[in-house]
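Here is a short report on one structure. Keep the sequence and the 3D view open as you read.

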Amino acid sequence: MENIDFKGRVAIVTGAGQGIGRMYALELGRRGAKVVVNDLGVSLAGAGSDDSAADKVVQEIVTAGGEAIANHDSVATMKGGQHIVQTALDTYGRVDILINNAGIVRDKSFMKMTEEDWDMVINVHLKGAFCVTQPAVLAMKENGYGRIVFTASTSGLYGNFGQTNYGAAKMGLVGIMNTLTLEVSKYDIKINTIAPTAWSRMTADIFPPEFEDKMNPQFNEPMALYLCSQENTVTGQIFTTGAGWYGRTAIVSGDGLCLGNAKRAISVEEIRDNFEKISDMENKREHESALGMFEYMGPLLS
Ligand code: NAI
């Protein structure tokens, strides 16, 4: 089979000035994409700004023979998102690929979480994904083609102490994906989510030192790039990656149990007495949309 390349494709990677995003941008550039390297150059908690973060990665791509342009807007405002996409349109004439990767953390236990910690994290990850993805989707629709990747986290999918703000934002991205996939699939826009794990400034204080090499951010890049390739036909899926492990994560429902006849009221005791059957996950299934729930309730509704 032929190698995957991105010749003729225009890609935007947010937060690509370092860490995992930098790996995405470098490899997209190496494989022929014209890359908009976005990064505001903030601290881990979202303070300050530094243009050199994006500029250095552009330099690396260009030195390696690729094409790239820097953008220093924040993803967290509509104006910033529109300008990021406009940079791609003005410079390269189109947008084919968007990897929403920019991120910050402001970890605190829920009881100590401030409104500012909450708003800043939600704004960068969740609102930021809206602000960049909406103008990108409008541009992709024009060409009848697009590949979008959102960046979630196992902290949202499963929970992680001190990250209620971050976890909520990350699961919110799964919510955007689930519905946006339905809205844009007719334009050949495929949207998937990656939950990466890597040694970066975000995790350097959490992971043991020996993980530095083993958790190289590069290991997340091939999955994100495959999902961004024309060959990829899946949409609306979550992939978890790290250290060379790649797997799919899904939201599933068990068979559950129909109680009553949709006419008489159901009692609390009926829930208690049937709790094991209601909770059983042996025949777990995924659903393409919220309408999937009617499959279970069908016997009661017919
Ligand atoms: P990083 O801190 O090394 O890089 C994030 C980049 O985003 C920084 O260069 C920063 O300047 C940029 N950024 C932050 N706010 C921005 C804004 N408003 N506008 C534009 N750029 C902004 O982090 P890392 O580890 O590379 O993480 C990348 C993504 O992966 C993030 O979304 C993160 O939440 C996610 N992630 C990382 C994990 C890990 O193990 N490192 C685990 C799970 C998810």
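Which residues does threonine 87 touch, not counting residues up to four places away in sequence? The model is a predicted one. In it, threonine 87 touches Val36, Ile69, Ala70, Asn71 and Tyr92, with residues up to four places away left out.

**Threonine 87**

Find helix 3, which runs over residues 78-92; threonine 87 lies in it. Is threonine 87 buried or exposed? Its relative accessibility is 10%. Buried means under 20%, so threonine 87 counts as buried. The side chain of threonine 87 also has polar partners. One is the side chain of asparagine 71, in a polar contact of 3.2 Å. Asparagine 71 is also on the list of residues that threonine 87 touches.

**Helix 1**

Now move to helix 1, residues 19-30. Helix 1 has twelve residues. From first C-alpha to last, helix 1 reaches 17 Å, close to the 16 Å expected at 1.5 Å a residue. Which residues of helix 1 are buried? They are Ile20, Gly21, Met23, Tyr24, Ala25, Glu27, Leu28 and Gly29. Here is a general point to keep in mind as you look at that list. An α-helix has 3.6 residues a turn, so residues three or four places apart point the same way.

What covers these buried residues of helix 1? The cover includes strand 1 (10-13), strand 2 (34-38) and helix 2 (52-63). It also includes strand 4 (97-100), strand 6 (189-195) and helix 8 (221-227). Just after helix 1 comes glycine 32, with a positive phi of about 100 degrees.

Glutamate 27 sits in helix 1. Its relative accessible area is 12%, so glutamate 27 is buried. Its side chain is joined to the side chain of arginine 30 by a polar contact of 2.9 Å. Leaving aside neighbours within four places in sequence, glutamate 27 is in contact with Glu221 and Leu225.

**Glycine 46**

Look next at the loop between strand 2 and helix 2, where glycine 46 is placed. At 22% relative accessibility, glycine 46 counts as partly exposed. Glycine 46 touches Ile104 and Met120, not counting residues up to four places away in sequence. Glycine 46 and aspartate 117 are 71 residues apart along the chain. Their C-alpha atoms are separated by 10.0 Å.

**The ligand**

How many residues surround the ligand? There are 30, and the closest are Asp39, Asn101, Tyr166, Ser200 and Arg201.

| Ligand atom | Residue with the polar backbone atom | Distance |
|---|---|---|
| nitrogen | leucine 40 | 3.3 Å |
| oxygen | glycine 41 | 3.4 Å |
| nitrogen | valine 75 | 3.1 Å |

On its own, the ligand has 830 Å² of accessible area, and the protein covers 97% of it.

**The whole chain**

Finally, step back. The protein chain is divided into domain 1 (10-249) and domain 2 (252-302). How far apart do the C-alpha centres of the two domains lie, and where would you place them in your view? The C-alpha centres of domain 1 and domain 2 lie 37 Å apart.

Note on methods
Residues numbered from 1 in each chain as written. Predicted model: local features only at pLDDT ≥ 70, side-chain atom pairs only at ≥ 80, totals over all residues. Heavy atoms only, no water. Domains from an automatic or database assignment. Helix = DSSP H or I, 4+ residues; strand = E, 2+ residues; numbered from the N terminus. Buried < 20%, exposed > 50% of the residue type's maximum accessible area, 1.4 Å probe, protein only. Polar contact = N/O pair within 3.5 Å; in protein donor to acceptor, adjacent residues only side chain to side chain. Contact = heavy atoms within 4.5 Å. Near = heavy atom within 4 Å. Areas by Shrake-Rupley, 256 points an atom, 1.4 Å probe, with all protein chains shown as cover. Expected span 1.5 Å × (residues − 1).
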